[in-house]
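Thank you all for coming. Please keep the structure open while I talk.

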Amino acid sequence: MITVTINRKKINLEKPVTILKAAGMAGIEIPTLCHYEMLEAYGGCRLCLVEIEKMPRLQTSCTQYVTDGMVVWTETERVVEARKAMLEFLLINHALDCPYCDKAGECELQDVVAKYGPTTGRFAEGKRRHPESFDDPIIVRNMERCISCTRCVRMCSKVQGACAISMVNRSSKTFVEPFSGGRYDCEYCGNCLTVCPVGAIMSRMHRHAYRPWLIEKEIDTVCSFCGVGCSMVLQARGNSIVRAVPGESAGSNKGLLCNRGRFGYDYVGSSGRLDSPMIKRDGKFQRASWSEAFIYIADRLKKIKDENGGGSIAGIASGRCTNEDGYVFQKFMRAVLGSNNIDSVASFGYAQAQRFFEGIFGQGVTANPMRGISNSDGVFVVGDDPTAVNPVLGLQIRAASHKGVPVVAAGYMPGLRMFATSRLIPRPFTETALLSALVTELRNVKGISGKGPFERVIKDIPSVSLHEAEDACGIPSEDIRSAVDALSHMTNPSIVIGRDILQKPEGQTNLLLLAALISLLNSRIYLLSELPNEQGLVDMGCLPDMLPGGRHLAVESFRRRYEEFFGVDIPSSPGMGIMEMIEAAHAKKIKALYVMGEDLVYNMPDSAYVKAALSKLDFLVVHDIFMTETAGLADVVIPSLSWAEKEGSYTNLERKMQLVRKAVEGKGMEDWRAVAEIGKLLGFDMDYKSSGDIMAEIAKVSPLHKDITYEDMAGGECLWPYKGEPLRHGMSLEGIEMPDKDSLLKRPEKDRIYIGIDKPLFHFENLSRNSAALSSIAPEPYVNIGKALADKLSLAGGDLADITTGTGSLKLSVQVDPDVPESSIRVPDNFGDKGAYTIMSWKINSAIKAPVADATGVAIEKIKRAAEEAAV
Amino acid sequence: MLSENAVKEIGLIRNKYHDVQSSLLPALYVVQREHGWLSPEALKEVGEILNVPKAEVKGVSTFYSMFRHKPMGRHLIQLCTNVACMIMDAERLVDILKSRYGLEPNGTTDDGRFSLIIMECIGACGTAPAMLVDTDFHDNLTEKYIEEILAKYK
Amino acid sequence: MGGGEGEGGRAVNKTVMGKVLLKNIENPNSADIAGYIKTGGYKALSKALELKPSDIIDEVKRSGLRGRGGAGFPTGMKWAFAAADSKKPKFILCNADEGEPGTFKDRPILEKNPHLLIEGMIISGYALQAEYGYIYLRGEYPKAKDILEDAIKQAHDKGYLGEDVHGKGIRFHLHVHQGAGAYICGEETALIESLEGKRGQPRIKPPFPVNEGFLSKPTIINNVETLANIPYIIEIGADAYAEIGSPDCPGPKLYSVSGHVKRPGVYELPMGTTLREIIYNHCGGILGDKKLKAVIPGGISTPILPADAIDCPMDFVNMPKRGSMLGSGAVMVFDETVDLVKVCYRAIKFFEHESCGKCTPCREGVGWMRAILERISNGSGRAGDIDLLIEVSNNITGKTFCPLGDGAAMVVQNFAKHFRSEFEEKIH
Ligand SMILES: Cc1cc2nc3c(=O)[nH]c(=O)nc-3n(C[C@H](O)[C@H](O)[C@H](O)COP(=O)(O)O)c2cc1C
Ligand code: SF4
Ligand code: FES
């Protein structure tokens with residue numbers, strides 16, 4: 001026990017902490033500028049100086065640890081004078097442009113100067129000059145204001161791990177710069193904006209449009225750009241969002257955001273937003289009133305149902321919609337229209353992976369707090385690049401790496417390049433060989449008892465030697481060996497899985513191999529989730545065979561419960577999955593499709609095929625906030641609200657339920673409200689006044705969500721298994737097919753080039769192109785090509801290449817990345833008619849009903865650029 | 001582009017240290033010796049070889065005053081004007097370089113023959129004033145002597 | 001060697017058995033291992049390798065050797081701290097940054113007697129069970145780099161360095177690491193940062209380098225001269241060594257003398273030799289037989305002393321009593337003609353240039369002092385400037401991250417204390 005006295009207050013401590021921290025615990029505030037809770041101590045600004053008895057020098061409280069019996073004074077005359085002196089020094093080279101500076105009002109320097117002085121300056125010489133830099137589309141750098149606290153640099157390198165900025169020069173010539181000196185080549189997380197205490201690093205997005213005291217509303221909500229669900233505060237003035245800042249406490253992000261969350265919100269105020277329902281008549285959209293639109297939809301659906309049965313209607317929900325939207329939608333589909341044809345893009349892999357692992361390890365196995373990653377003693381990452389798909393989760397992996405924890409990255413993951421201790425990048429479609437070699441080796445090292453049913457399965461997996469794996473996947477066997485060494489020393493690792501590993505012809509086998517690894521390594525599972533409420537879709541029963549709360553439709557007692565509650569029968573056989581729906585539409589097997597907020601054309605593979613399928617429908621309803629390609633094909637378009645304009649809840653990839661709150665008014669309608677209105681017209685009791693009413697119903701009917709309330713969520717601790725009842729059932733090894741050795745060792749065809757989906761950090765589906773900010777960071781589609789291939793085709797960065805597949809063709813600008821696996825190229829799926837989905841053909845995997853990439857080849861040709869052509 | 005030799009030499013340097021980043025300063029020296037200065041491209045390349053982020057490489061290289069971030073003349077005069085040299089009239093030598101060679105501190109002669117950098121103490125105080133030309137020490141400098149010396153550097 | 005009495009305490013013992021640190025350097029091939037061995041080199045190493053590592057540390061402790069880099073920390077004690085830390089590997093770093101203006105005492109060892117340093121480092125490596133050593137050499141000594149590297153290679157070839165030192169089954173590898181022009185990198189934690197390939201800014205202490213130094217491992221940092229004393233201590237034994245020079249800080253000492261003396265240079269004299277003796281006996285007095293005005297006794301960051309202070313023995317105990325410090329033993333001598341305001345201005349310009357930029361008072365305050373001094377020096381000083389200057393210096397003192405900024409403030413304070421009238425004369 002340590003007792004320290006600060007300003008006569010006695011403080012008892014279990015273990016030594018800094019004086020600053022001890023004082024904070026006792027409610028004594030010590031001014032600081034370079035200190036930032038999340039960052040390691042720096043001790044540079046010298047503002048936190050305090051007097052310690054028996055020590056002749058003043059000490060910085062941010063670095064000095066307390067010792068037993070220490071007596072500290074934080075506001076003596078000597079201390080106050082010293083602080084004033086430090087501030088006078090800081091102001092020497094600090095532009096005194098507070099009236100003009102956007103930081104005024106929330107500037108930490110301004111605040112401490114107001115408290116400690118000086119009121120006049122004695123420094124008579126010229127200040128350092130350093131013109132404000134506008135070289136970047138997003139970040140303005142004003143180094144005349146910089147006080148060299150290095151918070152930004154420490155944030156960028158130690159927490160974000162982007163290492164994009166550094167202090168340059170020394171002495172009073174020191175300032176902060178990105179490498180280029182102008183434009184940032186960074187991840188645009190904007191976390192440097194959060195930490196800069198002064199107005200030296202600011203966002204252009206609210207330049208001269210923002211004064212902290214003019215903020216009228218601050219809304220605590222959740223980001224809607226991915227499944228991490230960072231808590232954020234939307235600051236609004238009038239009816240516009242002026243800024244998004246990270247939430248400090250509730251979310252797992254703990255004060256961090258990524259580029260999408262911080263800067264992407266501007267699509268909400270975009271002029272392209274839909275503001276009225278539209279009905280297509282004679283091939284042209286006409287504005288309609290809400291009731292007109294609802295009646296039209298109800299009539300058409302009723303007719304189709306009456307004529308062809310509920311099974312001829314299908315519904316697709318969106319992972320951007322709330323739990324409440326999802327719940328009402330599935331109820332509408334099942335109870336009102338009598339159809340189990342309900343699904344979403346969560347079935348592109350997330351839902352299947354979760355179901356598979358839950359079958360073996362029990363419901364809720366993927367519900368793990370994210371901070372567990374940085375606290376584990378090893379991380380295995382496979383599938384997608386977490387730092388792009390779920391950036392703030394990715395930071396957990398980087399944090400683990402900073403602690404010296406081994407990180408094994410299997411796959412193309414540029415965001416972990418500097419952080420992974422083993423990087424295993426297999427040739428396209430040979431992940432299976434790599435994974436089976438890992439299983440084989442770990443099975444030998446760890447040994448398995450072979451007793452449990454799954455252990456017997458693991459035992460039966462054909463052995464693949466390192467050399468066989470090397471032959472197939474092209475990774476040197478010693479690299480695989482060293483990864484095995486790292487993995488075998490882990491005792492409580494985390495495994496992070498992206499859906500790309502499933503979207504392969506061998507996807508089902510890969511799942512099995514991953515389950516084997518999870519079991520062998522005894523690891524926690526994290527499934528990357530691209531959408532903010534992908535998990536919510538699953539939990540709310542937006543699946544063809546599942547009811548809300550993760551209850552199987554096929555189980556009579558479960559279905560009965562819902563039937564009783566809804567007061568109608570629910571068809572007992574599972575409906576169609578999303579891919580099947582598209583095929584069925586193509587085959588005219590379904591007549592009507594109700595799409596709640598998904599741009600199917602560009603967010604599903606093979607855009608032309610999807611488009612053709614949708615065009616064959618008798619009736620298509622689309623909810624959206626923009627006139628997407630899909631909405632353009634609809635018979636009726638319902639303008640919905642963005643996440644910032646409505647209330648509700650999201651469930652993130654940790655399965656934490658969090659509140660989404662309204663910051664501004666939108667011109668559309670909540671999806672659930674529109675659906676309920678139509679439901680009512682079809683004679684069904686769907687009289688919800690608010691999203692709270694819906695949650696109350698969910699809390700009543702879904703055993704998993706029993707008694708859950710918005711208050712539970714508001715605290716940020718609404719964690720699995722909530723207050724409800726997860727399913728407890730025996731291990732189900734149903735559907736596991738043991739692969740034969742040949743299928744494990746498939747290899748790509750010689751000389752063939754394959755296409756893969758690139759996940760850029762700066763975009764989110766196709767929605768983010770409506771954000772001017774994100775588009776300014778990453779305006780262009782591109783193709784990522786490996787060094788060897790680029791050389792072979794004599795392509796260099798910036799060249800234009802023609803990419804042709806059996807499905808289509810694109811002209812894209814080339815980026816060369818040595819990490820791209822040989823004989824493959826990568827194209828992002830975020831650029832609409834220039835996106836990967838327009839040229840990729842897929843198949844439905846019969847076991848998991850998910851789309852799997854068709855391993856057909858690509859032809860690439862260099863195009864002469866316009867300038868070159870002109871020169872010729 | 002770094003020469004093959006430079007890349008090889010940097011590779012050898014890495015063996016001297018337990019961690020890669022320790023070889024950053026020596027690697028920068030290799031490049032500076034080859035190019036005379038550290039261009040942004042060179043900084044980037046060194047970063048790539050050593051797996052050190054390029055912004056960090058820049059931050060580090062600009063901290064040290066002996067790394068040059070713009071092209072230099074063929075010969076680099078590093079003249080000390082710190083106290084011991086100053087009281088032995090080093091400043092007059094600065095004037096001479098200016099008047100007779102057109103050489104300003106931080107500047108380069110028009111013919112690209114010399115660049116001049118004013119140094120803090122170079123450890124030749126006992127034989128002040130002193131300078132380094134490239135890697136050669138010259139001390140007990142006088143007006144006349146400095147001309148004789150510089151005549152040897154073409 | 002002349003007589004003289006310490007200002008306080010026991011008489012300084014003037015006997016040094018010939019030259020120890022500068023032995024052999026007149027020999028044109030002094031850097032060659034053959035010559036070094038011929039004059040008894042590497043004998044101390046053989047002797048040391050027969051001792052237990054802990055015995056060597058004890059011996060160094062008992063010798064009373066204090067660090068020659070400036071701070072005068074007892075070397076044996078430092079070694080004992082590092083030896084007590086069980087983390088592995090351990091490192092020995094030689095501080096050859098010699099950046100303190102006025103200091104050039106390590107240079108003759110580095111350029112002319114490198115094997116003495118190498119031998120000292122191997123012995124310390126053995127004593128500390130450290131297998132790796134680095135010589136952090138300032139970038140401004142390009143020749144020394146080649147010389148040291150050649151010497152290291154020779155020592156390697158002779159089996160004094162490498163995987164099996166002297167056939168004793170111990171390992172010691174030594175490398176030269178070149179700094180690149182940053183005075184602050186002489187500060188031990190900044191030196192470590194720099195060696196790690198980072199910006200050379202000092203680290204927060206604790207943890208101290210003896211526990212978490214280079215790559216967070218126990219690390220000893222010693223000055224060139226300190227390490228060069230080690231073979232001699234082993235050779236003659238702690239007791240005999242402790243008899244040399246000042247009783248509380250014994251041993252031979254290198255004084256580098258510059259400025260207005262007839263024979264500037266590096267002098268190896270017993271610790272505690274008075275300034276008077278150094279200036280008048282060894283350096284032949286003031287150039288042109290002018291009057292002495294002032295002396296900076298230990299490198300530019302040590303307080304300047306007026307001429308009447310020159311009877312003070314130059315050691316770690318007596319100099320502080322006289323209001324200055326031994327520092328690196330770099331004596332800068334100023335005759336009556338010197339414009340001390342200009343000297344002060346130039347000194348502060350140096351500190352401004354060398355401030356690492358980490359902490360506020362040093363980064364900003366020193367530049368402010370320079371600005372005030374600049375205008376006083378060029379005749380455009382204003383009324384109140386001297387007081388403002390002193391106030392700014394007081395606002396720096398005691399609040400900086402490391403001693404560099406404090407040193408700059410101390411320079412100003414002592415110039416103003418002893419020579420205020422010279423400043424006043426410049427303000428009209
Ligand atoms: C600003 C500053 C510069 C320093 N420069 C040097 C130097 O150039 N050489 C040196 O040996 N010690 C220098 N030191 C002292 C070192 O920090 C350290 O005390 C010394 O290397 C320890 O070795 P020693 O115990 O053998 O003296 C400097 C200290 C400071 C604060
Ligand atoms: S830009 Fe801001 S955060 Fe970065 S060092 Fe300067 S004041 Fe600190
Ligand atoms: S907060 Fe302690 S020195 Fe800056």
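This is a predicted model: local features need pLDDT of at least 70, side-chain atom pairs count only at pLDDT 80 or more; totals for chains, interfaces and linings use all residues.

Residues are numbered from 1 along each chain as its sequence is written, chains are lettered from A and ligands numbered from 1 in the order in which they are written, and side-chain values use heavy atoms, with hydrogens and water left out.

Going back to ligand 1, one of its oxygen atoms is 3.1 Å from a polar backbone atom of C:Glu98, and an oxygen atom of the ligand is 2.8 Å from an N or O atom in the side chain of C:Asn222. Taken alone, ligand 1 exposes 600 Å², of which the protein buries 90%; these areas come from the Shrake-Rupley method with a 1.4 Å probe, and for residues only the protein chains shown count as cover.

How many residues surround ligand 1? There are 18, and the closest are C:Gly69, C:Asn95, C:Asn222, C:Asn223 and C:Thr226, where a residue is counted if one of its heavy atoms lies within 4 Å. The shell divides into 4 nonpolar, 8 polar and 6 charged residues, with Ala, Val, Leu, Ile, Met, Phe, Trp, Tyr, Cys and Pro taken as nonpolar, Asp, Glu, Lys and Arg as charged, and the others, Gly among them, as polar. Strand E4 (219–223) of chain C gives the most to this shell, with 3 residues, and helix H16 (403–426) of chain C also supplies at least two; helices (H or I, at least four residues) and strands (E, at least two) are DSSP runs numbered from the N terminus.

Ligand 2 has 13 residues around it, the closest being A:Cys146, A:Cys149, A:Thr150, A:Cys152 and A:Cys196, and its shell divides into 11 nonpolar, 2 polar and no charged.

Now to the sheets, where two strands pair if DSSP finds at least two bridges between them. In chain A, 7 strands form an open sheet of mixed pairing in the order E14-E13-E26-E25-E24-E15-E16, with E14 (284–287) and E16 (342–343) at the edges, each pairing on one side only. Strand E13 (278–281) runs antiparallel to E14(A) and is joined to it by 4 bridges, and A:Ile279 has A:Gln286 as its bridge partner.

Elsewhere in chain A, strand E32 (809–816) is joined by 4 bridges to E30 (782–785), running parallel, and by 5 bridges to E31 (800–804), running antiparallel. E31(A) and E32(A) form a hairpin with 4 residues between them, and A:Thr804 stands opposite A:Ser809.

Finally, chain B has an open, mixed sheet of 4 strands in the order E2-E1-E3-E4. Strands E2 (114–119) and E4 (136–138) of chain B each have a single partner strand, so one side of each is left without a neighbour in the sheet.

Key: A polar contact is a pair of N or O atoms within 3.5 Å; within protein, one must be able to donate a hydrogen and the other to accept it, and residues adjacent in sequence count only if both atoms are side-chain atoms.
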